[in-house]
Amino acid sequence: MSGQEYAISHWPETEEILAKLDHLVKLPMRPIKRQQMTNYLEHFEKACLQSKQLNEEARKYIPGGVQHNLAFNYPFPIAISKAQGPYLWDVDGNRYIDFLQAGGPTLLGNNYPAVQEKVSELMRECAPVTGLFHEYELKLAKLIKSHVPSVELFRMLGSGTESVMAAIRAARTFTDKARIVKVGGAYHGWSDQMVYGLHIPGTGAMEAFGIPSGCLKGTDEVFPNDIDSPKGLRALLEKNQKKGGTAAVIVEPLGPESGTRPVTRDYNQRVREACDEFDALLIFDEVVTGFRVGLGGAQGYFSVKPDLTVFGKCVAGGYPAAGGLGGRRDIMECLSAGLETGKPRAYVGGTLSANPLSCAAGYYSILEIEKTNAHIKAGRAGDRVSNGLQSIIERYGLPYVAFNHGSICHLETSGVMLLDIMDPNALTESGPRKQMMEEMGAAFTAEGIITLAGSRLYTNMADTEEVIDAALQGFDRIFRNIENG
Ligand SMILES: Cc1ncc(COP(=O)(O)O)c(C=O)c1O
């Protein structure tokens, strides 16, 4: 859609950020002073007793006592009982500023009343799931298509992971080629074929426990930002041509892990050109960027048209069963449901996929984003977080790095995610650096700030200047107590 506004107010200089991140991992760690860390840990013992008790009980029934990967759970998981606007409350009555935002879907803020009301109305009339067609499926597909022109057809699915699986299966069916190229460090969910090169580029099958090697045979990894080197994307696509060709290249358009390793402004366009040159499809994984970067997704911001787009999170407005796939009509037709036989068909399914609840929640959330300009407001909040963090970091002379792409903010203190696998020290460094990041996450929580894994912050429309400034005061209290370098 033309004339759209995007949440990224300015493109942060990628080379500059990469240089700062590189510098951070080369320096010795700068953790919180030991006495201060002890104070933070004591805080949890005093202020979060009910959470602690619940977790001890949960350990008897749930592996590890916790089922979510994104929040840090050190020293123990906090049990949440209430979520509203920019805040979360735990069972002990502590209030937190919520920069986890459930991993990103709640761009309007927690439990946005206008959407909650519409979902409740639907629940009173219909049911969360019937297994039959509901008009909200159509309304949502039309609305997404109106904002994202590359989406000629849209199919709602159960999660981002499932939608990536569907994208890959459709790409392979359509092209009749096997290989899929992903960018090292990128996260595309946890399906067998995508647990490859996770977190740190170049790590290949290092985290692929329980996955037969055959599942990963068709997956290749390239380093972020590398198109033209002898090991870059173009060279890989050329090599793959001799092995039957590449079905698709899948990218997170801001860079791996939502831009934790940011890509340059022209990266996506260059990937598009390489795909065209070697006749591979381009899949944008917009699970986080749609509709955080804008209603047109990151593809609208970059003006790059992918063949397929994976949706998740915001597509169901923070309600369950959030996944979707959209793209070119000729490719998407491989996913036609029903019982028709005789055509090559990429099989997808899901009892709860495209249920009325998720579709209505997604539909009304996107309408509300449109009406309120939530992505722009959340983006301004992200700018305020990032600028504020940068001044605190500067004030205390720390090597930490803060940057943002609109409402997706990064705060690297230990740099564990930025380690270079080619560095012989990387493996020995990763344990202590991960521990430092966990400590940071705990200190943030003790100061009333919940982040994603101690290093990422999603902002939302409810994050007023007062909310952000209160959070910055919390970060200031932590960063004035850092061990000397
Ligand atoms: C870029 C990206 N793709 C895919 C996924 C997987 O989505 P889901 O958790 O809904 O399976 C995520 C989840 O965080 C993601 O960030």
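Buried means under 20% relative accessible area, exposed means over 50%, and partly exposed lies in between, with a 1.4 Å probe and protein chains only. This is a predicted model, in which local features need pLDDT of at least 70 and side-chain atom pairs count only at pLDDT 80 or more, while totals for chains, interfaces and linings use all residues. Residues are numbered from 1 along each chain as its sequence is written, and side-chain values use heavy atoms, with hydrogens and water left out.

**Stop 1: Thr130**

Select Thr130, in the loop between helix H4 (113–125) and helix H5 (135–147). Helices (H or I, at least four residues) and strands (E, at least two) are DSSP runs numbered from the N terminus. Thr130 has a relative accessible area of 42%, so Thr130 counts as partly exposed. The Thr130 side chain reaches the backbone nitrogen of Leu132 at 3.1 Å. That is a polar contact: a pair of N or O atoms within 3.5 Å, where within protein one must be able to donate a hydrogen and the other to accept it, and residues adjacent in sequence count only if both atoms are side-chain atoms.

**Stop 2: the seven-stranded sheet**

Show the strands in the order S4-S10-S9-S8-S7-S5-S6; these seven form an open sheet with mixed pairing. Two strands pair if DSSP finds at least two bridges between them. Direction ignored, neighbouring strands of this sheet are turned by 20 degrees against each other on average; axes are lines fitted to C-alpha atoms, for helices over the stretch in contact, and angles run from 0 to 180 degrees between N-to-C directions.

Now pick strand S5 (residues 179–183). S5 pairs with S7 (residues 246–251) in the parallel sense over four bridges, and the pairing of S5 with S6 is also parallel, over four bridges. Centre on Val181: Val249 stands opposite in S7, and Asp220 is the bridge partner in S6.

Which residues cover the two faces of S6? Thr219 and Glu221 lie on one side, Asp220 and Val222 on the other, and all are buried.

**Stop 3: the ligand**

Select the ligand and the residues around it: Ser159, Gly160, Thr161, Tyr187, His188, Gly189, Glu252, Asp285, Val287, Val288 and Lys313.

- Thr161: a polar side-chain atom lies 2.5 Å from an oxygen atom of the ligand.
- Asp285: a polar side-chain atom lies 2.6 Å from a nitrogen atom of the ligand.
- Lys313: a polar side-chain atom lies 2.9 Å from an oxygen atom of the ligand.

On its own the ligand has 390 Å² of accessible area, and the protein covers 82% of that.

**Stop 4**

Move to S11-S12-S14, an open sheet of three strands with antiparallel pairing. S11 (401–405) and S14 are at the edges with a single partner strand each, so one side of each is left without a neighbour in the sheet. From one strand to the next the twist averages 15 degrees. S11 pairs with S12 (residues 408–412) over five bridges; Asn404 has Cys409 as its bridge partner in S12.

Finish at Thr459, in the loop between S14 (456–458) and helix H16 (465–479). Is Thr459 buried or exposed? Its relative accessibility is 0%, so Thr459 counts as buried. The side chain of Thr459 reaches the backbone nitrogen of Gly382 at 3.4 Å.

Definitions and conventions:
A residue is near a molecule or strand if one of its heavy atoms lies within 4 Å of it. Accessible areas come from the Shrake-Rupley method with a 1.4 Å probe; for residues, only the protein chains shown count as cover.
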